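Here is a short briefing for a first look at this structure. Keep the sequence and the 3D view open as you read.

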Amino acid sequence: MEESLLERVMKRKVEEEAGVTKVARVMEGEAGVTGLPTEGELKDRLLIEGVENAISRYGVKMSVDDIEEVKSKEMELKDREETGEKVENDAEYKYRSLEIKLQRSEDEKEQMKHELKKVTQNMQKYENQSKKIQEKNTLEMENYKKVVVKLQEKIECPVCLEVPREGPMPCCPVGHLTCSPCLERLGTQARQGRVECPTCREPMGEGRSSLARIVIENMAHQCSFEGCEEMVHYNDYGQHQAVCRFRRVVCPGDCDLLMAFCEVKKHAATCQEVSRGFGVKTLTQEEKQDTDVKWVSEMFSDVNGATFFLQTNKEDNIFSMDVVMLGSKDECKELSAEVSIANPDTKNVFHRTTFSPRPISVSNNPRDSSLVVRQSTIARYWNYNQKTKNYEFTVTAKVHRVTA
Ligand SMILES: [Zn+2]
Ligand SMILES: [Zn+2]
Ligand SMILES: [Zn+2]
Ligand SMILES: [Zn+2]
């Protein structure tokens, strides 16, 4: 039985590997060599050279489907020749371009595999590098922190045990430091004006440590507000404290409680001196006279959800009103509060004023209020309630952003 071309090509591949002469030489006259194709077979081969080349080039690399395709092409070509039909050039051409495409995609696949490998290797390299940099940074940060702690220990005042945040740093002739406020206190207690160094008891003298000042001005200081863990650089310290969540503020109601800024909302929800929204304010016959009155602070929000408190007081027949923002001075700058005083019966607004809200702070001083109105002004329009015999009026406020 005749061997199929595929079998022959496979066989030849084995032979080539074994060092047997290539097809070209067979064609030149070495036909008949055992195991190699005969002249008749070579004719076949010439017709289907493209097929053959492809098989020998790809050999075992080709998939079963590819081989099947090549085989069927081989059969087709053979049939055509047997029936005397000429092999059409374009069919062969089409077939060859299929081969080229096949080869190209194979090459591209190899190329992509190679590039993928390279990318993976690079990624691994970068990952390792960034890990090393991170480790180095952590180490340097730790060293820096150690140095800062050492410096802080060295310039800590031996009296109040605090790291001064402001110069000058007084020092004794030996070099021991004391903070300025403590030295001042020691001075007022000293006998005959002789101030001793709290560390070595030598007279302090007028020495100032410029080194300590440089250290103070170039280090981060722990924020002094209770609860705040932040380390803030000397230059940013004041700015931080003005907006620190733990800065001390007084209740915007009249309970006088001091608390951290971040606790105000929670406190206001339960404080007896704060209410939600605006209500009718009343004055009894006695209160209308010279009595001082403080109404509960009324909590409200603007469209952005910021919290405000409207404070209303009466002292010496003068009404004072203010809008306090649960926010910083800078935040208040961008806002405008509009306060309206009205008759709750007729709804007639008889007084309306606009001013900047003030930021919540450590104290409430009604005398600094933004809006001051005499009782006689309000009394002209307020409502006299026949039933309760009280005088009634409402004060409402809204806050909006100042448009530049
Ligand atoms: Zn001190
Ligand atoms: Zn000393
Ligand atoms: Zn702070
Ligand atoms: Zn309160």
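Which residue in strand 12 does Val 339 stand opposite? The residue is Thr 353. This is a predicted model, in which local features need pLDDT of at least 70 and side-chain atom pairs count only at pLDDT 80 or more, while totals for chains, interfaces and linings use all residues. Residues are numbered from 1 along each chain as its sequence is written, and chains are lettered from A and ligands numbered from 1 in the order in which they are written.

**Overall picture**

- The protein chain has 13 helices and 16 strands. Helices (H or I, at least four residues) and strands (E, at least two) are DSSP runs, numbered from the N terminus.
- Of the 404 residues in the protein chain, 18% are buried. A residue is buried if 20 or more other C-beta atoms lie within 10 Å of its own, exposed if 12 or fewer, and partly exposed in between; C-beta atoms are placed from the backbone.
- Take the contacts between residues at least 6 apart in sequence: 49% of them join residues at least 24 apart. Two residues are in contact if their C-beta atoms, placed from the backbone, lie within 7 Å.

**Confidence**

- The average pLDDT of the protein chain is 84, and 81% of the residues score at least 70. pLDDT is the predictor's confidence in each residue, from 0 to 100.
- Among the elements, helix 2 (residues 23–30) has the lowest mean pLDDT, 48. Strand 4 (residues 258–260) has the highest, 97.
- Residues 20–24 have a pLDDT below 50. This stretch has four contacts in the model beyond near neighbours in sequence.
- Where pLDDT is low, predicted coordinates should not be read in detail.

**Nonpolar cores**

- The largest nonpolar core has 28 residues. Such a core is a set of buried Ala, Val, Leu, Ile, Met, Phe, Trp, Tyr and Cys residues joined through C-beta atoms within 7 Å.
- Phe 308, Leu 310, Val 323 and Val 339 have the most contacts inside this core.
- At least two core residues come from each of helix 10 (264–270), strand 9 (307–315), strand 10 (318–325), strand 11 (335–342) and strand 16 (390–401). Strand 10 gives the most, with five residues.
- Leu 310 touches Ser 297, Glu 298, Phe 300, Met 321, Val 323, Val 395 and Ala 397, leaving aside residues up to four places away in sequence.

**Strands around strand 9**

- Strand 8 (residues 297–301) and strand 9 run antiparallel, joined by four bridges. Two strands pair if DSSP finds at least two bridges between them.
- Phe 300 stands opposite Phe 308 in strand 9. In the hairpin of these two strands, Gly 305 has a positive phi near 85°.
- Strand 9 and strand 10 pair antiparallel over eight bridges. Phe 309 stands opposite Val 324 in strand 10.
- Two residues separate strand 9 from strand 10 in their hairpin, and Asp 316 in the turn has a positive phi of about 50°.
- Asn 317 lies in the loop between strand 9 and strand 10. Its phi is also positive, near 60°.
- Asn 317 is partly exposed, with 15 C-beta neighbours inside 10 Å.

**Strands around strand 11**

- Strand 11 pairs with strand 16 in the antiparallel sense over eight bridges. Val 339 has Ala 397 as its bridge partner there.
- Strand 11 also pairs antiparallel with strand 12 (residues 349–355), over six bridges.
- Strand 11 and strand 12 form a hairpin with six residues between them. Lys 347 in the turn has a positive phi of about 65°.

**Helix 8**

- Ala 212, Val 215 and Ile 216 are buried in helix 8 (residues 210–217).
- Seen down the helix axis, the buried residues of helix 8 fall within an arc of 100°, so they line one face. The arc is that of the directions from the helix axis to the C-beta atoms.
- Exposed Ser 210 and Ile 214 sit on the face turned away from the buried side of helix 8.
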